[in-house]
Amino acid sequence: MRRIAIPLSILMATTACSTMQSGEPGMRGATSANGMISPILTSADAVDSSTYAQPQKARVTHVALDLDLDFADKRVGGTATLDVKAAPGVDTIILDDRGLKIASITDEAGQPLSYTVGDPQGDKGAPLAIVFGDARKIRIAYTAPAEAEALQWLAPEQTAGGEYPFLFSQGQAILNRSWIPTQDSPGIRQTWEARITAPKPLDVVMSGVRQGEPEDVGNGRRAFRFVMDKPVPPYLISLAAGDIDFAATGPRTGVWAEPSVLPAAAQEVGDTEQLVEAAEKLYGPYRWGRYDMIVLPPSFPYGGMENPVMTFLTPTFIAGDRSNNGLVAHELAHSWSGNLVTNAVWEDSWLNEGVTSYFENRIVEAVYGKKRAEQEAALAFAGIEDTLAEVGMDAPGTALHHEPGADELGSAITYDKGHYFLRTVESIVGRERFDAWLRQWFDNHAFQPATSQMFYDDMMANLVRSPEEAQKLKLHEWIFEPGLPSNVARPDPAAFAEVDAAVRAYADGGTLPATYGEWTSAERMRFLDNIPKQRSAEQLARLDSALGLSKSGNNEILFLWLELALANRYQPAVPQAERFLSTVGRAKFVRPLFATLMGEGEWGKPIAKRIYAKTRGSYHSVTRGAVDAIVRGKS
């Protein structure tokens, strides 16, 4: 791991990360759609190893898509027109390509341009080198492969309505190169626009602002137009198409969902306008116009995806009581941390997820109260402790910043350690000072990429007031070193005092909590996560009967119950686990349940393989890849 030790006096006067503005003299080419062009970072720690692009030489500033959705052949095809900026003497641009079927590449006048596709390298795909000469617009006619990893095509029977097909994309981290030819790197921000045609009566939504009403283009199809006039990292270009309707939740917020799902979805996210207002009071204006959401079919592999102006959500968060709305707060917070200021490289993904997790908790506190926020933060801290106990405090993957190629140890580090880093800084410098600093970070780096070193330097320059305070904060240790620094602001033990007492009572004598029905979702999760893991069939039956675990409408609770039951080879839970795994594609739930079954040897492996043979085709490539490694990678 690279260690950086710079005297405080120098850091107060300088920043370490240089940038190249492609609008500066020396860079030639058309401007983006609205003239806003984000800088390219040129320091060594901002070089993205996941892309073939060389943006210091030639970069994409704007993407214009004109695509048709073909549900019969499960293909997206049409054209992508790219605005290019290049340094003097450069006549070639390199894009990322993952299996695209290219028909032609021309300039704006239709003259053919020479291009080559290099050898593919696994998930990275292949370099697409285009000699553009004097052209400043490149038009690529292409079709995305049917197996494009970013896209999931659902048959009607995989939807709630059962009558029409559905399509959605998931671009993070480097999947969008499988359906969009561009420079697919978080550090190369681009504006974009799109014209998408789809068969009637399907509606299309994207992570851009819809332009007017859909246009009837004949042959039973309609065209939808979208614009994103602010530069975004390419992984945030997204689309969904299906039988969906809209319900407003406020003057600038609303939700899309299948008609049968929409009432429950709208009720669940009814607090969204309040969440936006709370976020703005914390860290400044919401800069994207509208904040809409779409609740996707259950095969969506994540809890949520923070696509600008159109957050994608899993239906598994719907509990009927808004108890899982921390997810909505999290995706909303990304409108500042992640979408507004983005990690330049994936080795710094904590700048998105860790900062967002802290911000999420502050929104939850403002809207739902300090008790709920403290409980959810305590659950996050338990995740950090569990991970560090498993891998060791010295494991390199437990540092927030990762060197290229280093293993990343999941959400407990990227999300939760990042959260607790900022929580600790706040506890030392005070909330007022910290909030002012974080707001200026967002303001001064808006619509730009960033690195861990830049974050550290900015803290040293604009937050830290003395060498003594710097020593107390341990900023470098938090960001660049493994483990958990000794100054961590641990959660208040009182947050779960009643629950922890109930866990001890159950562990000691089997006493079940009489007040379980009155507990919050976080309290119930804490209880289930901490009771003894080895249970007999009789004990599990009693636990389920008394607490109604198998009948829970909260998927977080249901998952914990199924994980506990399957780990104890509890046969009555198998049919429910099979139903759950057949209808839910969220990797957070699916992967651990298959791992639990495979870990139960001769009892669990046949069950896992039987269920997976039936469900694999219904999962998104993200979930499939994770479960393949578990089920197919073990005998």
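A salt bridge is a side-chain nitrogen of Lys or Arg within 4 Å of a carboxyl oxygen of Asp or Glu. I kept that in mind while looking through this predicted model.

**Entry 1: the idea.** I reminded myself that side chains of opposite charge can pair when their charged atoms come close. Then I looked up the total, and the structure holds 34 salt bridges.

**Entry 2: Arg-569 and Glu-600.** I found these two side chains joined in a salt bridge, with N and O 2.9 Å apart. Arg-569 sits in the loop between α15 (555–567) and α16 (574–583), while Glu-600 sits in the loop between α17 (587–598) and α18 (601–615). The pair links distant parts of the chain, 31 residues apart. Is Glu-600 buried or exposed? I noted it as buried, because its relative accessible area is 16% and buried means under 20%. Arg-569 has 35% relative accessibility, so I wrote it down as partly exposed.

**Entry 3: a network.** I also came across Asp-96, Arg-177 and Asp-184, which are joined into one network by salt bridges that share partners.

**Entry 4: Arg-433 and Glu-469.** Here the closest N and O atoms of the salt bridge are 2.9 Å apart. I placed Arg-433 in helix α8 (residues 431–444) and Glu-469 in helix α10 (residues 467–473), so this pair too links distant parts of the chain, 36 residues apart. Both Arg-433 and Glu-469 turned out to be buried.

**Entry 5: Arg-210 and Asp-203.** Asp-203 counts as buried because its relative accessibility is 15%. Arg-210, at 27%, is partly exposed.

Methods. Residues numbered from 1 in each chain as written. Predicted model: local features only at pLDDT ≥ 70, side-chain atom pairs only at ≥ 80, totals over all residues. Heavy atoms only, no water. Buried < 20%, exposed > 50% of the residue type's maximum accessible area, 1.4 Å probe, protein only. Helix = DSSP H or I, 4+ residues; strand = E, 2+ residues; numbered from the N terminus.
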